[in-house]
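Here is a short report on selected features of one protein model. Please look over the sequence and the coordinates first.

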Amino acid sequence: MLPALIIFLLTYLLMLALPQYRPFAALGGAALFLALGAAGLWDFTLMDAARAVDFNVLLMMAGTMGTVSLFIESRMPARLAELLIVRVPNVKWAVCMLALFAGVISAFVDNVATVLMVAPVGLAIARKLKISPVPVLISIAVSSNLQGAATLVGDTTSILLGGFAGMNFFNFFWMEGRPGIFFGVELGALASLGVLLFTFRHETQPISATVETEVTDTVPSALMLLTVGLLIAASFLPQPAGGLPLALYGLRSGLICAGVCLFGILRACLRRRSFAPFRLAARELDCDTLLLLFGLFILIEGIRKAGVIDAAAQLFYTLSGDDPFRLYTLLVFVSVGLSAFIDNIPYVATMLPVVQGIAGLMNGGAGFPPELFYFGLLTGATLGGNLTPIGASANIAAIGILRKQGEQVRTRDFLRIGIPFTLAAVLTGYVYLWLVWGA
């Protein structure tokens with residue numbers, strides 16, 4: 001077990017130290033596990049690695065990325081943001097509504113893509129009213145991160161949880177006769193709205209805006225809605241007995257996202273009589289994240305085969321004992337602290353099997369339903385990124401946009417919003433999840 005732990009930790013340290021090479025570090029670690037498995041150090045074969053890769057998750061991510069690229073190019077998000085802004089009385093409410101709007105979009109669209117959609121509107125408002133755009137874009141970024149945990153397609157971590165736990169789109173709203181994590185995230189959004197209203201309480205200048213952006217194509221918006229609708233419908237399909245239908249059933253969400261994306265790209269190419277939409281979608285495809293996940297799936301199966309996952313679960317169980325509240329609290333706040341400084345994708349991918357193992361050890365080995373711990377892990381890991389400027393990709397994207405505009409973003413500027421925003425959202429979600437799933 002020790003060699004496996006050393007390889008995993010070295011791989012993780014490489015991903016932290018060289019973020020631009022994270023996919024290659026994960027793939028290299030996976031290859032090393034396979035090589036040592038072939039050498040007989042542990043039982044890990046190429047077939048084990050192939051079965052470990054969740055192609056449904058990869059297809060979902062790739063398809064959603066492509067559809068989002070068409071959605072952004074249609075200029076519909078900018079149009080919706082302007083329609084929202086013309087209905088608010090002053091700057092304070094304009095910023096808060098922009099942040100909420102970014103959150104709603106982020107429940108269905110990648111967080112970084114959401115920031116890229118909404119940030120130009122925030123910059124325009126700041127310039128027009130001659131206020132600093134720094135807190136405006138920070139508010140948009142942290143709100144995007146918050147809502148990523150609300151739905152199955154909102155964030156990579158949500159997709160990972162759905163794939164690992166066999167959850168469908170509907171389960172994020174209602175699961176096993178109880179409200180899902182979606183409502184906890186929305187309660188957290190309302191609590192964090194209070195933080196934003198307090199932060200911008202002095203910005204009471206009246207605002208006058210017009211709706212200027214023209215939507216070039218409404219079909220990408222319809223495709224976004226179609227994707228969500230088909231994912232919901234697919235969640236009600238009965239599971240086949242076996243064979244090819246069962247294999248396709250396991251890939252149903254990914255096939256839906258990829259199929260809608262390919263239809264949208266093909267239609268756009270025919271409409272414009274050009275391959276430009278295909279090239280756009282290819283450019284927007286985040287191959288680094290897809291390769292990172294591919295490597296992580298194999299790497300995590302390797303450490304599971306070597307016994308590291310079981311040992312980590314036993315360690316957590318030793319710290320928490322049979323007390324689900326203690327374990328739940330530990331998971332949420334450790335995840336918040338770690339995700340403030342490390343990428344939450346490899347963290348969640350690693351911790352999901354650990355959480356499953358801990359839940360199985362509880363009650364003297366009889367086990368405890370793991371859903372509370374899954375949701376606690378997702379809440380802490382997703383929202384924890386809002387604590388620091390480097391805790392989430394959306395934060396980094398927003399800061400990059402500001403720097404391109406010649407704005408200096410100091411750490412204290414971010415912390416002034418990020419810390420109270422995160423605490424309000426996490427504590428609200430933490431209490432909600434315990435009352436619904438733990439009490």
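This is a predicted model: local features need pLDDT of at least 70, side-chain atom pairs count only at pLDDT 80 or more; totals for chains, interfaces and linings use all residues.

Local features are reported for residues with pLDDT of at least 70.

## The second largest pocket

The second largest pocket has a volume of about 560 Å³. Its lining counts 23 residues. Phe8, Leu9, Ala312, Thr350 and Met351 lie nearest the centre.

H16 supplies the largest share, with 7 residues. By class, the lining holds 22 nonpolar residues, 1 polar residue and no charged residues.

Is Ser335 buried or exposed? Its relative accessibility is 0%, so Ser335 counts as buried.

Leaving out residues up to four places away in sequence, Ser335 touches Leu330, Tyr347, Leu377, Gly380 and Ala381. Glu284 is 51 residues from Ser335 in sequence. The C-alpha atoms of Ser335 and Glu284 are 29 Å apart.

## Helix H14 and its buried side

H14 spans residues 276–284. Pro277, Leu280 and Ala281 are buried there. These residues cover an arc of only 95° around the axis, so they sit on the same side of H14.

Which helices do the buried residues of H14 pack against? The partners are H4 (55–73) and H13 (252–272).

## Two positive phi angles

Most residues other than glycine have a negative phi. Arg273 has a positive phi, near 50°. Arg273 is placed in the loop between H13 and H14. With a relative accessibility of 79%, Arg273 counts as exposed.

Glu176 also has a positive phi, near 50°. The loop that holds Glu176 lies between strand S1 (174–175) and strand S2 (178–179). Glu176 counts as exposed, at 55% relative accessibility.

How many disulfides does a search of the whole structure find? The count is 0. Cys261 is in no disulfide, and its nearest cysteine sulfur, that of Cys257, is 9.1 Å away. Cys261 is buried, at 7% relative accessibility.

Cys269 is in no disulfide either. The nearest cysteine sulfur to that of Cys269 belongs to Cys261, 11 Å away. Cys269 has a relative accessible area of 12% and is buried.

## Arg410 in a loop

Where is Arg410 found? Arg410 sits in the loop between helix H20 (393–404) and helix H21 (411–438). Arg410 counts as partly exposed, with 37% relative accessibility.

Thr114 and Arg410 are 296 residues apart along the chain. Their C-alpha atoms are separated by 23 Å.

Definitions and conventions:
Residues are numbered from 1 along each chain as its sequence is written. Side-chain values use heavy atoms; hydrogens and water are left out. A disulfide is a pair of cysteine sulfur atoms within 2.5 Å. Buried means under 20% relative accessible area, exposed over 50%, partly exposed in between (1.4 Å probe, protein chains only). Helices (H or I, at least four residues) and strands (E, at least two) are DSSP runs, numbered from the N terminus. The arc is that of the directions from the helix axis to the C-beta atoms. Contact means heavy atoms within 4.5 Å. On a 1 Å grid over the protein atoms alone, a cavity is a set of points where a 1.4 Å probe fits but cannot get out, and a pocket is an open set with protein on both sides within 12 Å along at least five of seven lines; lining residues have an atom within 4 Å of a point. Grid points are joined across faces, edges and corners, and a volume is the space filled by probe spheres set on the points. Ala, Val, Leu, Ile, Met, Phe, Trp, Tyr, Cys and Pro count as nonpolar, Asp, Glu, Lys and Arg as charged, and the others, Gly among them, as polar.
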